Every structure is written in C-alpha cells, then in structure tokens.
Number of protein chains: 2
Amino acid sequence: MTDQIDPSKVTASRITISVDAMGGDAGPAAVVAGIALSAEKNPDIGFILHGPVEQLKPLVAKMRGLTDRVEIRDAREVVSMEDKPSQVMRHGKKTSMWSAVESVKKGEADGAVSCGNTGALMAISMIRLRKLPGVNRPAIAILWPSRNPQGFNVMLDVGADVRADAQDLLQYALMGTSYTRNSMDIARPRVGLLNVGTEEHKGHAELKEAYSLISDHAERGNFDFVGFVEGSDIPGDTADVIVTDGFTGNVAIKTGEGTASLIRITLREAFTYSILSRLAAIFALPSLNRLSKKIDPRRVNGGVFLGLNGTIVKSHGGADATGVSAAVKLAFLLAQQGFAEKLAARVASSAPLTQSELDCVPTEVT
Amino acid sequence: MTDQIDPSKVTASRITISVDAMGGDAGPAAVVAGIALSAEKNPDIGFILHGPVEQLKPLVAKMRGLTDRVEIRDAREVVSMEDKPSQVMRHGKKTSMWSAVESVKKGEADGAVSCGNTGALMAISMIRLRKLPGVNRPAIAILWPSRNPQGFNVMLDVGADVRADAQDLLQYALMGTSYTRNSMDIARPRVGLLNVGTEEHKGHAELKEAYSLISDHAERGNFDFVGFVEGSDIPGDTADVIVTDGFTGNVAIKTGEGTASLIRITLREAFTYSILSRLAAIFALPSLNRLSKKIDPRRVNGGVFLGLNGTIVKSHGGADATGVSAAVKLAFLLAQQGFAEKLAARVASSAPLTQSELDCVPTEVT
C-alpha cells in the first residue's frame with residue numbers, strides 16, 4: 001500500500017472490496033467514513049457498497065473523491081444483531097449482508113467486509129461461498145495483542161462453531177499457519193494448542209488426539225508445533241498461532257477484552273481521583289496515549305473467516321471509521337496476496353495426508 | 001477479625017488452619033512469613049504447619065510471637081509442580097501436602113491452605129475428605145476483580161475437572177451461591193451461566209439443559225438467575241457468580257491474567273519511554289499505585305475447593321507473604337462462618353429436587 005498514486009499501477013492492480021454498509025452499531029455513516037479513509041490512503045482500492053441507495057448515495061457524495069471509487073448496490077433489508085442465523089439463511093436474500101457476500105461469490109469483488117451479526121454472516125458465507133474441499137468446519141481467526149515481536153498473535157476459532165474435533169483442530173492449525181504467513185512476515189509460524197496446562201497428560205481426549213495429529217503435520221506444513229499452551233499464552237510470546245475450539249476461543253477473547261476494559265476504567269478512575277491526580281494525568285497523557293494505541297482494538301479490527309471459497313472479514317459491530325478502515329485494509333491485503341487461493345492449496349495439500357505419507361518430502365505451499 | 005487482642009475471645013473462638021509449608025515457588029520462608037502476618041493481625045488464629053521440621057523450626061523461631069501459635073508436623077516429602085496427581089494419590093502419604101489435608105480430615109484443623117500443585121491437592125482432598133453427598137464433581141472457585149460494588153465476582157469451576165454436565169453446572173451454581181453469601185455481604189447473589197452469547201438458542205446442548213435446571217432452582221436456592229453471560233461479564237457487573245466447566249474457566253482466567261500482565265508491561269514501557277515520561281511517572285505514581293492495588297492478584301489469592309467435606313484453599317504457586325496471608329484469611333473466614341456445614345446443608349437440600357418438588361416452599365439455607 002502506498003500513499004502516492006501511480007496511475008499505471010491503479011489500473012493494473014485495482015482490488016475491489018465488497019462492503020456491507022448496514023448492520024453495524026454506528027450505522028452506514030461510520031462505514032462510509034471508513035471506506036473514505038481507506039480510499040484516501042490506498043489508490044489501488046475500489047468498493048461495491050451494499051444497502052438502501054437513498055441512504056448511501058448522499059453519504060458517499062459528501063466524501064471528496066469517493067463517488068468514482070464506489071459502486072452502490074441497492075439492498076432494501078438489514079440483518080439485525082438479534083436475527084437468528086437460520087432465519088437469515090432462509091429469508092435474508094434481500095439484505096445488504098447477503099448482497100455483499102454475493103459480490104464475492106460472483107467474482108465482482110476480491111473480498112467482503114461486514115460489521116453485522118457474526119452468526120448470520122457466517123451462515124450466509126457458508127451457503128453462498130461453500131466450504132473449501134477438505135474443510136469440515138470453517139473458523140474465525142482474529143489478531144490478539146501479544147508480547148511477540150510482531151505485536152500480535154493469530155487465534156482461531158473464536159466463534160464460528162462451538163465444537164471442534166481433533167481433525168478440525170488440525171485444519172485450524174493449517175489455516176491459521178497460512179493466514180499468519182500471509183498477513184505477517186513470519187516464514188515458519190509457531191503453533192500452540194490451547195489447553196488447561198502444558199503437560200501432555202492434561203485435557204480432553206480429543207485434545208490429546210489433536211496434539212499428535214498437529215505434531216505429525218508440522219514438518220510438511222512448514223510450521224513449528226510448540227505443543228499445549230495456556231490462556232496466558234494468548235497474549236504471550238510462546239506461539240504465533242493459538243488453536244482452539246470456537247466455544248473456548250470466544251469466551252477467552254471476551255474475557256481478555258473485558259479485563260482490558262476493566263483496567264481502562266480503573267486507570268481512568270485512578271487519574272481522576274483527586275485534583276493532584278488530574279494534574280498528574282496531564283503529564284502522563286503522552287505515556288497513556290502510547291499504551292492506549294498499543295492495545296487499541298480498532299487497530300486490529302477484523303475477524304477473518306477461514307475455510308471458505310472467498311475472503312470475508314467480520315468487523316467489530318461497534319467499529320467507527322478507523323475500525324472499518326482497518327477491516328478494509330485487512331481484506332485488501334489478503335486479496336492482494338492471493339490468500340484465498342493459497343489457503344485452498346494449503347488445505348488441499350493436507351487433506352489426503354495419511355500415516356504412510358508422513359515420510360514424504362514437504363511440498364512448499366504458503 | 002480484629003486488631004486488638006481480647007483474651008476471653010482467643011480461647012473461645014480460636015480457629016486452627018492447617019498450612020502446607022512446601023511446594024510454593026517462593027519456598028517455606030514465604031509461607032512462614034505469610035502466617036506470621038496473619039497471626040499478627042488476627043488473635044483468633046492458630047496453625048498446624050507441615051513440612052521438614054529442621055527447615056520449619058528456625059523459620060518459625062525467627063518470627064516474634066509465632067512459636068506458641070504454631071504446631072509443626074514433620075513431613076519429609078514434597079509434592080512438586082511436575083508430579084502427576086495419580087502418582088501423588090498412590091505414593092504421596094509422606095508429603096507435607098497430604099499431611100496438611102489429613103489435619104482437616106482428623107478434625108484437628110478447621111481448614112487447610114497449600115501453595116502447591118493444584119491437581120495433586122485436589123486429588124488428595126478428594127480421597128481423604130471425600131465428596132459431599134449429592135456432589136458429582138467438586139469445583140474450584142476463585143474471586144475475580146469486577147465492576148460490581150463488592151469489587152469481585154465468584155467464578156467456578158476454574159480447573160478441578162475439565163468436564164461438567166448440566167447437573168454438575170447446577171451444583172456449581174448452588175455451591176457458588178453459598179460461597180458468595182458466606183464470603184461477601186450479598187444476600188441474593190445473581191448467577192450467570194457462561195456461554196458464547198446471551199441469546200437462549202446459543203451454545204452446546206448441555207448448556208441449554210443447564211440453563212433450565214438452574215432456572216428451575218433459582219427460587220428455592222434463593223438466588224437470581226440472569227441467564228447466559230459472556231466472557232466480558234466475568235469482570236463485569238451483570239452477575240456475582242459465573243458458572244462454567246473447568247476447562248473453559250481455566251482458559252478464561254489465564255487469558256484474563258495474561259491480558260492484565262501484558263497491559264502492566266506495556267504501561268511500564270510507556271512510562272519509561274523517554275525522560276519526559278519518566279518524569280510524568282513520578283507525578284502519576286499515586287494513581288498508578290491505586291490501579292495496581294485494585295487489580296493486585298495477591299489481594300484475592302485463594303481458590304476454594306467446593307463440594308468436599310472440609311475447606312481447602314489453594315493459594316497461587318507464586319504467592320509471597322501477602323498472598324499466603326490472604327489465602328489464610330480466606331480459610332479463616334470460611335471456617336468462622338461454618339461454611340463447610342452450610343455448604344453441605346445447601347447441597348443436601350437441593351440434591352433430591354425433582355420436578356414435583358419445584359412448587360415447594362423454599363427452605364432457608366445459606
């Protein structure tokens with residue numbers, strides 16, 4: 001991504017992102033402001049924007065230089081946060097979310113972004129894009145602030161499916177590795193399997209089975225398996241990819257978010273406690289801002305759906321313009337890397353792996 | 001607890017806590033320093049201290065006024081953090097941990113505290129103290145910093161057992177409620193069942209079953225059931241008691257601890273970034289100390305084993321004197337309240353509950 005416009009490059013590598021304008025807590029204005037931010041920074045990006053045209057047209061027109069980068073697709077209905085995924089699957093064809101996924105399905109867009117209902121977005125994505133051959137359960141991967149040099153770890157699944165068996169956990173390890181390689185500069189990611197302790201005898205039977213499956217695939221998958229990791233390793237530096245089922249992953253990230261939010265509130269209270277502490281806050285402001293920036297969830301906004309024929313990025317429901325722009329940037333980056341194709345190749349290469357194949361020479365797939 | 005010694009009270013209500021001096025990361029010196037702190041603050045407490053007598057005797061002698069409050073029980077072996085619970089159950093009879101639990105079993109002590117291996121402590125406690133009638137799986141409950149007025153929530157199970165079915169989750173709700181009533185000033189605790197969303201259709205089948213079981217018992221159990229809660233509610237203010245299985249609970253608290261620790265490190269970096277920020281840190285110190293005190297894990301040190309015939313408090317392995325003293329205080333408080341007996345009555349009262357009994361007048365058991 002570059003800040004300077006190079007006309008030859010614009011036509012050659014223009015990437016189109018399909019964006020669901022509706023369903024976020026902050027409404028379509030925040031979404032349009034977000035894509036305007038991305039358009040300003042990135043000359044190689046174009047948009048298909050989905051929602052009620054009479055609402056979207058004036059919002060887009062207000063943003064300088066956005067009109068000729070955005071195509072509006074009229075969609076009359078909106079998926080709400082309360083809608084059940086099963087209902088949306090049956091009756092949601094006229095929604096902006098469905099329309100946004102449809103653009104990826106038809107090949108008009110290289111990826112889609114939505115701030116809406118996660119369950120509904122996954123359900124629509126599953127029936128329209130279909131799972132990659134060899135994938136039983138798709139997963140949602142997020143970036144989590146960590147003590148690793150890259151500043152983040154990849155964690156999956158954080159809520160696509162409440163269950164995962166050993167084979168699913170192996171798929172998550174492979175997809176997470178591929179995602180890490182394509183979104184960060186890490187050639188050989190370290191994969192950890194989330195458990196209640198690091199000793200091999202701990203945890204459920206399916207975790208022990210997943211342990212040996214992932215271990216067997218590490219060489220061929222070109223990753224390091226660091227074995228079982230604990231909750232404290234999610235923000236830690238022992239692994240780059242944390243593999244778990246969607247129930248545990250979802251509870252873990254929400255606990256982490258809640259804890260961070262509690263500390264934020266307590267910190268604010270501590271600095272407004274007395275006149276003296278308010279004064280201290282003024283001096284401390286640059287330091288507090290540095291902290292805030294480092295753990296700002298908006299900077300890493302975007303859960304990526306892995307295991308489908310196409311790239312879908314789920315932005316946080318409460319995302320503002322900065323958050324939407326971060327999700328768009330992620331979708332752009334993955335499209336530019338040809339991530340969907342690489343992931344398909346990665347999963348296909350591992351699917352037929354049997355005991356007899358474990359001695360084969362590793363094939364180079366990212 | 002009072003800071004002034006009232007001799008008449010000392011003899012009348014002396015409570016004896018059995019303490020495993022070994023197995024903590026900081027060694028027996030930290031444990032002895034911890035009980036000395038407790039003894040200084042609390043005239044009603046006495047100790048039975050378990051470990052190698054030649055190590056413990058000089059440590060106790062060094063502390064003023066401690067010798068006549070402590071009885072040392074010589075135990076030659078130590079359970080290490082690496083020992084498997086199954087091995088300790090078979091070959092651990094000579095360890096300080098076993099000896100500490102044995103004192104509760106024999107009625108010599110009103111509760112026990114250990115900083116050692118959690119799995120081994122639970123295993124020894126289960127075989128020596130036995131489960132309460134009606135309890136299938138005992139649980140470990142902890143206090144977690146929260147936005148509630150009391151400053152903490154009770155969460156269980158955080159790792160006694162990696163599995164829990166609907167009936168176990170009901171028991172956790174009842175035991176957690178009883179613990180909350182006896183450790184905090186909350187007459188009618190609010191209970192939440194941890195899930196990936198608050199909507200009733202979400203989560204595993206056993207969670208839905210547990211939902212209706214707990215709901216059915218709320219009136220008789222004298223608690224409010226707030227339904228499903230999410231990870232973000234663990235440090236939140238929607239519930240006082242968070243019920244979950246030991247796998248999810250363990251991952252959640254470790255994720256929360258890891259996140260808090262990451263923020264602590266980042267905060268320190270932010271305040272040592274430049275000369276100016278170091279200067280700001282001096283001004284900000286009182287505020288930062290207020291934050292630090294509020295989220296200090298040592299203040300709420302102590303996981304309580306619920307569902308056994310006797311009170312066992314598991315202190316953090318890395319506890320220093322302050323941490324050990326907090327765990328001792330918790331064991332003392334629960335013994336003083338007659339918690340073990342109240343819990344037994346609570347579980348017994350709920351055990352035979354059938355559909356036909358749901359219309360009965362609630363019995364008052366805390």
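1. How many salt bridges are there between chain A and chain B? The count is four, and one of the salt bridges joins A:Glu230 to B:Lys254, with the closest N and O atoms 2.3 Å apart. It should be kept in mind throughout that this is a predicted model.

2. As for the extent of the interface, chain A and chain B bury about 4,700 Å² between them, and 73% of that area lies on carbon and sulfur atoms. On the side of chain A, the residues that lose the most area to chain B are A:Phe247, A:Leu262 and A:Ile263, which together make up 13% of what that side buries. The contact draws 55 residues from chain A and 55 residues from chain B.

3. The aromatic pairs deserve a separate point, and the count over all chains comes to six. In one of them, A:Tyr211 and A:Phe228 are tilted, at 4.8 Å centre to centre and with 55° between the planes. Because A:Tyr211 lies in helix H8 (residues 205–221) of chain A and A:Phe228 in strand S8 (residues 224–229) of chain A, the pair ties together parts that are 17 residues apart in sequence. A:Tyr211 has 18% relative accessibility and therefore counts as buried, as does A:Phe228 at 3%. A:Tyr211 and A:Phe228 also form one aromatic cluster with A:Phe225.

4. In chain B, the ring centres of B:Tyr179 and B:Phe339 are 5.9 Å apart and the planes stand at 55°, so this pair is tilted. B:Tyr179 belongs to helix H7 (residues 166–183) of chain B and B:Phe339 to helix H12 (residues 339–350) of chain B, so the pair ties together parts that are 160 residues apart in sequence. Both B:Tyr179 and B:Phe339 are buried.

5. Finally, helix H2 (residues 27–41) of chain A has 15 residues and reaches 22 Å from its first C-alpha to its last, which is close to the 21 Å expected at 1.5 Å a residue. Its buried residues include A:Val31, A:Val32, A:Ile35 and A:Ala39, as well as A:Pro28 and A:Gly34. Among the elements of chain A that cover the buried residues of H2(A) are strands S1 (15–20), S2 (45–51) and S3 (70–74), together with helices H3 (53–62) and H11 (321–336).

Conventions: Residues are numbered from 1 along each chain as its sequence is written. Chains are lettered from A and ligands numbered from 1 in the order in which they are written. This is a predicted model: local features need pLDDT of at least 70, side-chain atom pairs count only at pLDDT 80 or more; totals for chains, interfaces and linings use all residues. Side-chain values use heavy atoms; hydrogens and water are left out. Helices (H or I, at least four residues) and strands (E, at least two) are DSSP runs, numbered from the N terminus. The expected span of a helix is 1.5 Å times one less than its number of residues. Buried means under 20% relative accessible area, exposed over 50%, partly exposed in between (1.4 Å probe, protein chains only). Contact means heavy atoms within 4.5 Å. Rings of Phe, Tyr and Trp (its six-membered ring) pair if their centres lie within 6.5 Å; planes under 30 degrees apart count as stacked, over 60 as edge-to-face and the rest as tilted. Buried area is the accessible area (1.4 Å probe) that two parts lose on being put together, summed over both. A salt bridge is a side-chain nitrogen of Lys or Arg within 4 Å of a carboxyl oxygen of Asp or Glu.
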